[in-house]
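Work through the exercises below with the coordinates open, and try each task before reading its solution.

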Amino acid sequence: LFGTEGEIMKRRMELIQPIQKRVFDTLESFAKQNGYDLIIDIAANPTVLYYSSNIDFTERVIEALK
């Protein structure tokens, strides 16, 4: 039931993978449409020390996911 090969993990992956694919596909499309070569997830990257809100397109990507 538990662990990396357990039923809970298998079910979690089954449910999360389609959502992750949609998010990553949307990010890729957004980047290509806007000419970006790199998108950084600052929420998961503690080494980003500063970023300008002028380059934060989170809300635009969320809108694209709707």
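**Aromatic cluster**

Phe30, Tyr36 and Phe57 come together as one aromatic cluster, in a model that is predicted.

**Exercise 1.** Classify the geometry of the ring pair formed by Phe30 and Phe57, and state which parts of the chain the pair ties together.

*Solution.* Begin with the centres, which lie 6.0 Å apart for Phe30 and Phe57, and then take the angle between the planes, which is 50°. Planes under 30 degrees apart count as stacked and those over 60 as edge-to-face, so the rest are tilted, and the pair of Phe30 and Phe57 is accordingly tilted. Finally, place the residues: Phe30 belongs to helix H1 and Phe57 to the loop between H1 and H2, so the pair ties together parts 27 residues apart in sequence.

**Exercise 2.** Determine whether Phe30 is buried or exposed, and do likewise for Phe57.

*Solution.* The cut-off for buried is under 20% relative accessible area. Phe30, at 9% relative accessibility, therefore counts as buried, whereas Phe57, with a relative accessible area of 23%, is partly exposed.

**Exercise 3.** Describe the pair formed by Tyr36 and Phe57.

**Exercise 4.** Characterise the lining of the largest pocket.

*Solution.* Start from the volume of the largest pocket, about 660 Å³. Its lining comprises 19 residues, with Phe57 among those nearest the centre. By class, the lining residues divide into 16 nonpolar, one polar and two charged.

Methods: Residues numbered from 1 in each chain as written. Predicted model: local features only at pLDDT ≥ 70, side-chain atom pairs only at ≥ 80, totals over all residues. Heavy atoms only, no water. 1 Å grid on protein atoms, 1.4 Å probe; cavity = no way out; pocket = protein on both sides within 12 Å on 5 of 7 lines; lining within 4 Å. Points joined across faces, edges and corners; volume = space filled by probe spheres on them. Nonpolar A, V, L, I, M, F, W, Y, C, P; charged D, E, K, R; others polar. Phe/Tyr/Trp six-rings, centres within 6.5 Å; stacked < 30°, edge-to-face > 60°. Helix = DSSP H or I, 4+ residues; strand = E, 2+ residues; numbered from the N terminus. Buried < 20%, exposed > 50% of the residue type's maximum accessible area, 1.4 Å probe, protein only.
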